Amino acid sequence: MDSKQHWFETWFDTPLYEALYAHRDYAEAKKLADLIAKHYPSQQYNELIDIACGRGRHSFNLAQLGYSVTGVDLSENAIRKAGRIAAEKFPELPLSFRTHDMREKLPGQWPLVVNLFTSFGYMTQDEANSAILKNMCDAVAHAGALVIDYLNPACVCNGLVSSEEKQLESYDLQISRKVENDIVIKNMRFRNRETGAVQEFAEQVKLYGLSWFEDELAGFGLRVSRVYGTYDGQLYDKSNEGLPRMIILAEKNQ
């Protein structure tokens, strides 16, 4: 593994990350869970692993649909919070959370593997992202399935907001965005209004089109069966650049 520290190894564990994304849409997460269950019902795909689960909002919705869910994430803070929420709000559901770096091979296989809300493409090199995708595919059991909820690159590029400012709790936040070498880079500058202290963080996602995923997945033994462009179930169409998502459903070759 590369010894250089990557942006996601620090940013996802900070309180500022949690504050910035505190109002993520749980109704949206439920729509995605329902869409997944429509194709891969829990009666058949009874166990799943949620790779890069964050604080668990998708895991909770999936568990409520009858899946036995294992959530894994690199962020120790995220895993602690997901476990705490599960214990407090969903003690009766089959939920477990643990830390895991998706750059490392997963210890087992599951009938259903999910990677949701653009939790892929964090590395700058294609080879590194391909290796992560292989780890996901290797975790899919025989005749199992993989769901990747990724952004639509064309929609991102066409609708990119280059800069904005907002207030977040006791901070003034400046955000800038750009696309460079097929990587969407989001830089964030937090200035504490009381102390004047400044903290800077970045997010980045390598942009991949559907054909890249199809080719890579085929090389790892999975076939793409359907792609959605919205959580409401609108089918993805390469000619429709306005659809925000690329929700890829793939099955392992039998």
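Visitor: Leaving aside neighbours within four places in sequence, which residues is E251 in contact with?
Guide: The model is a predicted one, in which local features need pLDDT of at least 70 and side-chain atom pairs count only at pLDDT 80 or more, while totals for chains, interfaces and linings use all residues. Residues are numbered from 1 along each chain as its sequence is written, and side-chain values use heavy atoms, with hydrogens and water left out. Taking contact as heavy atoms within 4.5 Å, and setting aside neighbours within four places in sequence, E251 touches Y40, G144, A145, G221, L222, R223 and S225.

Visitor: With the side chain of which residue does the side chain of E251 make a polar contact?
Guide: A polar contact is a pair of N or O atoms within 3.5 Å, where within protein one must be able to donate a hydrogen and the other to accept it, and where residues adjacent in sequence count only if both atoms are side-chain atoms. For the side chain of E251 such a pair is found at 2.9 Å, and the partner is the side chain of S225.

Visitor: Is E251 buried or exposed?
Guide: Buried means under 20% relative accessible area, exposed over 50%, and partly exposed in between, with a 1.4 Å probe and protein chains only. Because its relative accessibility is 18%, E251 counts as buried.

Visitor: How many of the residues of strand β11 are buried?
Guide: Strands are DSSP runs of E with at least two residues, and helices are runs of H or I with at least four, numbered from the N terminus. E251 lies in strand β11, which spans residues 245-252. On one side R245, I247, L249 and E251 are buried, and on the other M246, I248, A250 and K252 are too. The count for β11 is therefore eight of eight.

Visitor: Which residue of β11 is the bridge partner of R223?
Guide: Two strands pair if DSSP finds at least two bridges between them. Strand β10 (residues 222-228) pairs with β11 in the antiparallel sense over six bridges, and strand β5 (residues 140-151) is joined to β11, also antiparallel, by seven bridges. In β11, V147 has L249 as its bridge partner, whereas the partner of R223 is E251.
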